[in-house]
Amino acid sequence: MDYDYLAKIKASISLYTKKKTSNILDGEFGSVYRGRSFDFDDLREYVYGDSVRDIDWKSSSKTGRVLIRRFIADKKHNILFVGDSGVKFKGDTDKGEPKAKVALTTLGTISYLVNDHGDDYALMTSTNKGYDFSYFRSGARHLENLLIRYEKCLAEEESKPLNRTLDYIAENIKRKMIIFIITDMEGIANLDEKLLKKLTVRNDVMVLNIEDAYLTGDNLYDIDKKEYESRFLLRDKKLHEREFAEREGRRRKAVNTFKKYGISGVDISREEDIVDKVVELFERHRNENVG
């Protein structure tokens, strides 16, 4: 584990907050949970990104400050990361970066935000030996442990299908959670509606798709065959157009299905885009589902 990695994540988040001049925790992340049917707890002062629906106008008029009704669910979340893995993560993204590295940095970025927010979080992955579950905790040591576990998992070539892991979660973890699924095109394609319906009954779900490299256009190394594909096939314009159309069709299908069950998602291709993409995901989930 490269511990400079955490410093890199912290620097990226700091750069984002300076660039955007907003607090991504009190704003986007602090109100991603879509439900508001929780017990009222106390009041706090309004911060950028809060929903105006939660303003307590009576208390605000008495104090001369804009106050927000804070619910128990707003104070502390249970966060579950589901990390997909397997030989498919040995490949690159469509921007030529290692999928495994982008997936790990994505987990690290959200874990850092979650940990700084004071939430309890856990990681569920699967290997050929079974499920690996970290339990819900917080703290710097726990954050590092999650990254190490996922890094080891990504180094293995065998894993259970993502849909089986999610079905196990839906059946066995009964607490209300925000679930972040880190996967790819194949993982998303295998998520059926029955599973998504079961998973979203109690939980908020967000999906981070680590983009796959195109099979046409540039040099392509076949992991299974352990050889490069023919450049003649890679440069075929019609094949590339058909592949692009196929990918776009899958993307539209996923978006429509996710919308049906209140699931938000983003596509990630490069490490340098992760912080922006994560915040985009928070904003999208809050705006589409809170109410």
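This is a predicted model: local features need pLDDT of at least 70, side-chain atom pairs count only at pLDDT 80 or more; totals for chains, interfaces and linings use all residues.
Me: How do the strands of a sheet pair?

Reply: Strands of a sheet pair through backbone hydrogen bonds, either parallel or antiparallel. In this structure, an open sheet contains 6 strands with mixed pairing, and their order is S5-S4-S3-S6-S7-S10.

Me: Which strands are the edge strands?

Reply: They are strand S5 (130-133) and strand S10 (264-268), each of which pairs on one side only. From one strand to the next, the twist averages 20 degrees.

Me: In which sense do strand S3 and strand S6 pair?

Reply: Strand S3, residues 78-83, and strand S6, residues 178-183, pair in the parallel sense, with 5 bridges. Within this pair, Val82 stands opposite Ile181 in S6.

Me: Which strands does helix H6 lie across?

Reply: Helix H6 (residues 162-172) lies across S3, strand S4 (120-127), S5 and S6. Relative to S3, helix H6 runs at about 155 degrees.

Me: How many salt bridges does a search of the whole structure find?

Reply: The search finds 19 salt bridges. One of these joins the side chains of Asp184 and Lys88, with 3.0 Å from N to O. Asp184 belongs to the loop between S6 and H7, while Lys88 belongs to the loop between S3 and helix H4 (99-117), so the pair ties together parts 96 residues apart in sequence.

Me: How is empty space to be found in a structure?

Reply: Rolling a probe the size of a water molecule over the atoms shows where empty space is left. Here, the second largest pocket holds about 620 Å³ of space.

Me: Which residues lie nearest the centre of the second largest pocket?

Reply: Of the 27 residues that line this pocket, Ile188, Arg251, Ala254, Val255 and Phe258 lie nearest its centre. Helix H10 (237-260) is among the elements that each supply at least two residues of the lining. The largest share, 9 residues, comes from H10. By class, the lining of the second largest pocket has 11 nonpolar, 4 polar and 12 charged residues.

Me: How many cavities of 30 Å³ or more are there?

Reply: The count comes to 2 cavities of 30 Å³ or more. The second largest cavity has a volume of about 30 Å³.

Me: Which residues line the second largest cavity?

Reply: The lining consists of Gly83, Asp84, Ser85, Thr125, Ser126, Ser159, Lys160, Leu162 and Thr165. At least two residues of this lining come from S4, and at least two from H6. The lining of the second largest cavity divides into 1 nonpolar, 6 polar and 2 charged residues.

Methods. Residues are numbered from 1 along each chain as its sequence is written. Side-chain values use heavy atoms; hydrogens and water are left out. Two strands pair if DSSP finds at least two bridges between them. Helices (H or I, at least four residues) and strands (E, at least two) are DSSP runs, numbered from the N terminus. Axes are lines fitted to C-alpha atoms, for helices over the stretch in contact, and angles run from 0 to 180 degrees between N-to-C directions. Contact means heavy atoms within 4.5 Å. On a 1 Å grid over the protein atoms alone, a cavity is a set of points where a 1.4 Å probe fits but cannot get out, and a pocket is an open set with protein on both sides within 12 Å along at least five of seven lines; lining residues have an atom within 4 Å of a point. Grid points are joined across faces, edges and corners, and a volume is the space filled by probe spheres set on the points. Ala, Val, Leu, Ile, Met, Phe, Trp, Tyr, Cys and Pro count as nonpolar, Asp, Glu, Lys and Arg as charged, and the others, Gly among them, as polar. A salt bridge is a side-chain nitrogen of Lys or Arg within 4 Å of a carboxyl oxygen of Asp or Glu.
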